[in-house]
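Please find below a colleague's note on the model. It is set out as numbered points, to be read alongside the sequence and coordinates.

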Amino acid sequence: MKDLKRVEIVTGTLEAPKVVSILEEHNVSGYTMIKNVLGSGEKGIQDGEGFHNAFQNTYIIVACSMAEFDTLKEPLRKLLSKAGGICLVSDAKWLMH
């Protein structure tokens, strides 16, 4: 087992490519992205309904080391403070295979 940080990001679909760019800029290559996530937050209900994907959310999950997360946290904070969204960080263990 290996100790990691689990980073979960929910933001607007239009901002998801910017999150991926931040990950790539900091050499964090592994992530999972789930599009059209439903929920309610500071912008109200985001249910994917409407004429444009501006009303859709994307969920991105990343497993990385604490050192990697330390390089990501400020760029992510800056993006989310402008675009909205949430970033949850928790301890995780990787069952290596």
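The points below concern a predicted model and take up the sheet, the helices and the cysteines.

1. The model is predicted, and its sheet is open, with four strands in the order 2-5-1-6 and antiparallel pairing. Strand 2 (31-37) and strand 6 (86-94) are the edge strands, each of them pairing on one side only. From one strand to the next, the twist averages 20 degrees.

2. Pairing of strand 2 with strand 5. Strand 2 and strand 5 (residues 57-64) run antiparallel and are joined by six bridges. Within this pairing, K35 has T58 of strand 5 as its bridge partner.

3. Pairings of strand 1. Eight bridges connect strand 1 to strand 5, and the two run antiparallel. T58 in strand 5 stands opposite T11; T58 is also the bridge partner of K35. Strand 1 is joined to strand 6 by nine bridges, again in an antiparallel arrangement. In strand 6, K93 is the residue opposite D3. As a general point for reading these pairings, side chains in a regular strand alternate between the two faces of the sheet.

4. Geometry of helix 2. With 18 residues, helix 2 reaches 24 Å from its first C-alpha to its last, which is close to the 26 Å expected at 1.5 Å a residue. Where in helix 2 does a kink lie? The kink, of about 35 degrees, is at L72, shortly before the proline P75. Just after helix 2, G84 adopts a positive phi of about 90 degrees.

5. The buried residues in helix 2 include F69, L72, L76, L79, L80 and A83. The packing partners of the buried residues of helix 2 are strand 1, helix 1, strand 5 and strand 6. A67 is likewise found in helix 2, but A67 is exposed, because its relative accessible area of 55% is over 50%. A67 and K5 are 62 residues apart in sequence, yet 9.5 Å apart in space from C-alpha to C-alpha.

6. Cysteines. How many disulfides does the structure hold? The number is zero. C64 is in no disulfide, and the nearest cysteine sulfur, that of C87, lies 9.3 Å away. C64 counts as buried because its relative accessibility of 1% is under 20%. C87 has a relative accessible area of 28% and is therefore partly exposed.

Conventions. Residues are numbered from 1 along each chain as its sequence is written. This is a predicted model: local features need pLDDT of at least 70, side-chain atom pairs count only at pLDDT 80 or more; totals for chains, interfaces and linings use all residues. Side-chain values use heavy atoms; hydrogens and water are left out. Two strands pair if DSSP finds at least two bridges between them. Axes are lines fitted to C-alpha atoms, for helices over the stretch in contact, and angles run from 0 to 180 degrees between N-to-C directions. The expected span of a helix is 1.5 Å times one less than its number of residues. The bend at a residue is the angle between axes fitted to the seven residues ending there and the seven starting there. Buried means under 20% relative accessible area, exposed over 50%, partly exposed in between (1.4 Å probe, protein chains only). Contact means heavy atoms within 4.5 Å. A disulfide is a pair of cysteine sulfur atoms within 2.5 Å.
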